[in-house]
Amino acid sequence: MTASTGPEAAALVPAAPRTPSVGKAFLGLLGRDVFVTGRELGGFLAQVLLQPIFLLFVFGKVLGDLGYVQGGFEQVLLPGVIAFTGFLTALQNTALPLVIDFSFTKEIEDRLLAPLPTSLVAIEKIVFATLRGLIASAMMFPLGLLILGSVPITWSAVPLVSVGLVLGSLVGAALGLVLGTLVTASKINVVFAVVLTPLLFTGSTQFPWSQLDGLRWFQVVCALNPLTYVSELVRGQMVPQVESIPAWVCLLACVGFLVLFTAVGLRGFRRRAVD
Amino acid sequence: MEVRDLVKRYPKRPTNAVDGVSFAVEQGEIFGLLGPNGAGKTTTIGILTTRVALTSGYAGVGGVDVAADPVRARTVISVVPQRPNLDRSLNARQNLLFHAAYHGMGRAERGRRADELLERMGLGDRGKDKVDDYSGGMAQRLLIARALMHRPQVLFLDEPSTGLDPQARLFVWDQVRELRAAGTTVVVTTHDMDEAAEISDRVGIMDHGTLLALDTPDALTRTLPGDSTVDLVLGEVDAAREPALRDALGGLGGVRRVEDVGGDAGRPPGERDLRVRLYLDVPGASVLGAAAEAVERHGARLLSVALGEPTLEDVFISLTGRDLR
């Protein structure tokens, strides 16, 4: 098993220090994630779409058909479910892989040794999780059409709905970065249960926030959930006849949450990545 | 590669993990960093590989200041970790391709180089395998191949032989020597004395965060008294008579020094097994008769005898007064 010497030993000759190409390194990381997702597309879609599909089907279709829910509820529900799908998909796609990578497999080490600033490894995670969130939420439009028979959207609503979904996925991804770097592997199950369920049910996904006047304390709780502003923004554009939080308030809140979570998440990431 | 007055203190720890270490490694040299677990080896390497922030001092690789410009430093270093951290979502060849992509290598060159290195590491026909299906030795070879993809100037190998069978270990050592021949600097951390002596051009011995000695393996063992050793395992040693026994052994003709190499603390007080090593100026066999007689005269029993030459392990014992393990 002696290694050969000879011309092929040229493979071992080191190169001179290079000026690192940060852009290429970033694209390399993104390329890896896209490549892996592309191969597991079916699994990815099943993983992220089953929950919203059932939510939409049972609450939007079944309960409506049975007469337990007034007609028109599905129009309130669908924008919320679209927002929630993007937000939560992005969140899970930063939080879970980071916990696993940092605690068990250490697979992230090769990426941390790539020639780019450590923070950009985290930013890549956010960008990629956002892409996944956007794909998942976009899939909800045709699925909504299929399940409910109609999707309330006009061309004029498309720009702000798109902005809302991009921002919503970004906020979810950044929150995932916070969870993924602050929470230890042994606690991730508990944290997911404790964080995700309240996020889902206080995110104004299944109801318009403005109509919670009679349930003041719950309205305040919902106002603390970033998902509320994503849902309200998307709903406000898609179903303008239902009263929603003004778009500019939603946009401002999303940007605020994004800045906050990104700052905290990047700090947590650097702490995990560099001793 | 150079470190000067390197200090690392982790938060909330009373002592420095690395406490004022300085050394330099020439290009194309194999440098062994030797010491027990917790000696500061891994932290030192962590600083040089940009994964640990230094507290004070200087660390440079390939002329790049690691603390000031970690991104550039990462273009010249490469790490083979102790535990495989291969990307399990990718097959073996893809692990190499994406590593090269992170380092900005063009598509055609990536593919060519991946095939070349897989071939060299004896994995030519296993490139499409999942890395989960790889044995420990194969994973190690793939890690080395991955580390070489971007043509690093300095390769860091962390405990390269841990968990490898002898054949795989020889293969890794061969590759390391070829890297040196091609001009790559190789830094090996290990707590395996034989490994350090076998492949290193120079060895630094670390303990408690400081560098105790640094030289070629030969020069280090030459600092020890004598040129052969005899290990004695003694039973039924009476604690009261132990000092006299040591004196008697130390007074034998040709014996330069007597060192403990780990006794048996589990025995009842007053009686215990004793392991001592005699450092000799004369061939070991020539003192055996006299040594056995001295042992018997002091009421102990000779349980086993081993002849040897001073090794790096003896250097460590002589520097720290204790066994490496």
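**Entry 1**

I began at V3(B), whose bridge partner in β4(B) is A59(B). I am working on a predicted model, where local features need pLDDT of at least 70, side-chain atom pairs count only at pLDDT 80 or more, and totals for chains, interfaces and linings use all residues. Residues are numbered from 1 along each chain as its sequence is written, chains are lettered from A and ligands numbered from 1 in the order in which they are written, and side-chain values use heavy atoms, with hydrogens and water left out.

For my own terms, helices (H or I, at least four residues) and strands (E, at least two) are DSSP runs, numbered from the N terminus. I call two strands paired if DSSP finds at least two bridges between them.

β1 (residues 2–8) and β4 (residues 56–61) of chain B are antiparallel partners over four bridges. I then followed β4(B) to β5(B), an antiparallel pair with two bridges. There G60(B) has D65(B) as its bridge partner in β5(B). The hairpin of these two strands has two residues between them, and G62(B) takes a positive phi near 55°.

I wrote down the whole sheet: four strands, open, antiparallel, in the order β2-β1-β4-β5 of chain B. β2 (18–24) and β5 (64–65) of chain B are the edges; each has a single partner strand, so one side of each lacks a neighbour in the sheet.

Helix α1 (residues 41–48) of chain B lies across β1, β2 and β4 of chain B and runs at about 115° to β1(B). I take axes as lines fitted to C-alpha atoms, for helices over the stretch in contact, with angles from 0 to 180 degrees between N-to-C directions. Contact means heavy atoms within 4.5 Å.

**Entry 2: the mixed sheet of chain B**

Which order do the six strands take? I read β6-β7-β8-β3-β9-β10 in chain B, an open sheet with mixed pairing. The edges are β6 (77–80) and β10 (210–215) of chain B; each has a single partner strand, so one side of each is left without a neighbour in the sheet. The twist averages 20° from one strand to the next.

I checked β7 (residues 154–158) against β8 (residues 185–190) of chain B, and they pair in the parallel sense over five bridges. D158(B) stands opposite T189(B) in β8(B). Helix α5 (residues 136–148) of chain B packs on the sheet and touches β6 and β7 of chain B; its direction makes about 170° with that of β6(B).

**Entry 3: chain A**

I counted ten helices and zero strands in chain A. Its C-alpha trace spans about 80 × 35 × 35 Å along the principal axes.

**Entry 4: where the chains meet**

The contact takes 45 residues from chain A and 51 residues from chain B. Together the two chains bury about 4,100 Å², 54% of it on carbon and sulfur atoms. Buried area is the accessible area (1.4 Å probe) that two parts lose on being put together, summed over both.

I looked for salt bridges (side-chain nitrogen of Lys or Arg within 4 Å of a carboxyl oxygen of Asp or Glu). The interface of chain A and chain B has four. In one salt bridge, R146(B) meets D110(A) at 3.6 Å, N to O.

On chain A's side, α1 (22–39), α4 (109–112) and α10 (247–273) each supply at least two residues that touch chain B. α1(A) gives the largest share, ten residues.
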